[in-house]
Amino acid sequence: MGAFRYTSRSFVRELAMILAAMLFSLPFYFLIAISLKSDRQLTREPLKPPLADPNWGNYADAWSNGGTTGGMGRAFFNTVIITVGSVVCLVLVSSMTAYVIARRTSKLSNGLYVLFVIGFIMPATLGLVPVYVVMRSAGLLATYHGIIILHTAGILPFAVFLYVGFIRALPTEYEEAAQVDGAGMLRTFFRVVIPLLRPITTTVAMLSGLIVWNDFFIALIFMSGSSIGTLPVALNSFVNENYTQWNLVFAGATIAILPVLGVFVVAQRQFVRGLAGGIRG
Amino acid sequence: MGTIGIRGLGKVYPGGTRALRDLDLEIADGEFMVFVGPSGCGKTTALRMIAGLETIEEGEISIGGTVVNRVEPRKRDVAMVFQNYALYPHMSVYDNIAFPLQCEGRRKQEIKERVEEAARLLGLDELLKRKPRALSGGQRQRVAMGRAIVRKPQAFLLDEPLSNLDAKLRMQMRAELSTVQRTLGVTTVYVTHDQVEAMTMGTRIAVMRDGLLQQEGTPELVYGRPSNMFVATFIGSPGMNLLSCPLVADGPDDLRCVVGEERIPAPREMHRALERFAGSEVVVGVRPEKLTDAPRAAAGDAAGRLRGEVTVVEMLGHERLVQVELPGRPVAADPGAADKVTVYARFSPASPVKPLETVAIPVNPADLHFFDPETGEAIR
């Protein structure tokens, strides 16, 4: 029939949404466009898309030369280890902690929950100096496990807060069924509860992964002078006091955001469901 | 032996709500016991205490002769079906049924054989690979039952397992559950608020209210000889008609209940028990199926009559359910309330009865039940 599918209202609404989407896409356009320009193109026509002669070499340069030691390739590897390690530890510790807090109705568990909420509210930078001193005396500075512990502990209150909210809304029947079926506490947790927590686990993993992946400050302070540089620190090394290679910075930034983008695209639905809460059974 | 002993069982929840009071019951091996009562009567609490999902602070529960007060649920050797089935949503039907056996550490081959056996019994063979969300309500119910029977436990505990099904499926599943239970011969405790389920499925019924056991016995006993007014009105659909009326002595050995103009004789064998109520009020009960449009002669020589005005006639196909307003007092009515009481009667579908007509329904004295208006207990 070919009828116009919009009403005047829906047309205006959709147009506004397209414009907003374009506005949000603009930084990505500059990111990609500049990352593909040569130094000359960058100075002569910084905003024009480099369609005719994209300079893919910037990516190779950024990958091998960024950072103080080992280039961005090494930094990428470090960031993956630290992010995966932190996320795995965080998910395990926070889900177990939250499970006990949510399911036990004692005063102790309520008190613990309040402690975690306080930890969630307090700015992490307040404890920076004492944490640094403790980590130094424990020999945890500039080590993978040191930074993983630090990130896990830092994000734990936030993750516990999210998990507790989700678990409290979860019917206890599944766990009770598992108990009557003969499962012990650990089997109940790992075989029944953890799979039920998948939506919120995706949310926690993605949010915390993003925090750790993008972290610049903690990596800079607690890993300075070591070979374990992370992507944001490596990116920072392109920025020089006298001269900044913006095309390499942008190529490096593109490399840094691609994995995050990929994970979000794959796990988008779970992520949203985790925030919305609920189990389909 | 799957006997279950409940002695002096009580439960007070944090906050002071008393859910159960002094429950005593012995459930024999292989018996199908139904706990029935309205919401909040304590039936589910009692079941959960048997399962070990609620702590026991008052009384004692034994399963198979062993006191299990301090025994964890997983070690009680009972299987439970929950109201919402509680099927693990991330597991396939096979894994759901296999889960209890995996917990017992059985070998893979044995698990496979037993799951398939249970699936065959319940007609789930074709569904083993599906996830619970891809099943209908009836299929989910069967999977939940499969998870329970695969372990061959000492007892099944079923918590309103049919309440989420539509009426037709519920009737079908009622029969299937009864058949499975009879086939396996496993002691079963079944909780429901539906008196039809209780009557049709149970070999014995325990009627509960406000945490107290009101009466226990076979369905025939509970229906035919209710121990108090609550049981009389709760069991049966519609429940027993109750009306408060004066009991008068019309002569030696002649006690009669006065309902409007009518004086209905009390059965001779009840005279001794009723004597102390002569001259005062008594609650009279009569089942709707005893009030019919059959000729008076069918109700016996001594029959009295209940005369009143028809208010509603519902055609149910096999009968007409007739509401009749009588000149009597409803039970526990305010002193100032109108002296009208509505009773249900079951007329034949061919009956020409219409609303606003006056009918005189014959009533056989032997069909009357009498209750103490003060305590609500049956007078015997």
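**Exercise 1. An aromatic cluster in chain A**

Task: In this predicted model, which residues form one aromatic cluster with A:W63? Then classify the geometry of the pair A:F76 and A:W213, and decide whether each of A:F76 and A:W213 is buried or partly exposed.

Solution: 
- Start with the members: A:W63, A:F76 and A:W213 make up one aromatic cluster.
- Next, recall what you need for a ring pair: the distance of the centres and the angle of the planes.
- For A:F76 and A:W213, the centres are 5.6 Å apart and the planes make an angle of 85°. Pairing needs centres within 6.5 Å, and planes over 60 degrees apart count as edge-to-face, so A:F76 and A:W213 are an edge-to-face pair.
- Now place them along the chain.
- Finally, accessibility. Buried means under 20%. A:F76 has 21% relative accessibility, so A:F76 counts as partly exposed, while A:W213 has 8% and therefore counts as buried.

**Exercise 2. A ring pair inside one helix**

Task: Why is the pair B:F230 and B:F234 stacked, and how are these residues placed in helix α8 of chain B?

Solution: 
- The ring centres of B:F230 and B:F234 lie 5.4 Å apart, with the planes at 20°. Planes under 30 degrees apart count as stacked, so that's the label for B:F230 and B:F234.
- Both sit in helix α8 (residues 229-234) of chain B, 4 residues apart, which means about one helical turn separates B:F230 from B:F234.
- Check burial too: B:F230 is buried at 14% relative accessibility, and B:F234 is buried at 17%.
- For context, the structure has 14 aromatic pairs over all chains.

**Exercise 3. Charges over rings**

Task: Which ring does the charged end of A:R168 sit over, and which one does that of B:R147 sit over?

Solution: 
- In chain A, the charged end of A:R168 is over the ring of A:Y113, at 4.8 Å from the ring centre.
- In chain B, the ring is that of B:Y88, and the charged end of B:R147 is 4.5 Å from its centre.

**Exercise 4. Strands of chain B**

Task: Where do β13 and β19 of chain B stand in their sheet, and how many bridges join β15(B) to β16(B)?

Solution: 
- Write down the order: β13-β12-β11-β14-β19 (chain B), an open sheet of 5 strands with antiparallel pairing.
- β13 (262-265) and β19 (369-371) are at the edges; each has a single partner strand, so one side of each has no neighbour in the sheet.
- Neighbouring strands here are turned by 45° against each other on average, ignoring direction.
- Follow β19(B) to its partner: strand β14 (residues 281-286) of chain B is joined to it by 3 bridges, and B:G285 has B:H369 as its bridge partner.
- Now to β15(B): it pairs with strand β16 (residues 320-326) of chain B over 6 bridges, antiparallel, with B:V310 opposite B:V324.
- β15(B) and β16(B) make a hairpin with 4 residues between them, and B:G317 in the turn has a positive phi of about 95°.

Definitions and conventions:
Residues are numbered from 1 along each chain as its sequence is written. Chains are lettered from A and ligands numbered from 1 in the order in which they are written. This is a predicted model: local features need pLDDT of at least 70, side-chain atom pairs count only at pLDDT 80 or more; totals for chains, interfaces and linings use all residues. Side-chain values use heavy atoms; hydrogens and water are left out. Rings of Phe, Tyr and Trp (its six-membered ring) pair if their centres lie within 6.5 Å; planes under 30 degrees apart count as stacked, over 60 as edge-to-face and the rest as tilted. Buried means under 20% relative accessible area, exposed over 50%, partly exposed in between (1.4 Å probe, protein chains only). Helices (H or I, at least four residues) and strands (E, at least two) are DSSP runs, numbered from the N terminus. A charge sits over a ring if NZ of Lys or CZ of Arg is within 6 Å of the ring centre and within 35 degrees of the ring normal. Two strands pair if DSSP finds at least two bridges between them. Axes are lines fitted to C-alpha atoms, for helices over the stretch in contact, and angles run from 0 to 180 degrees between N-to-C directions.
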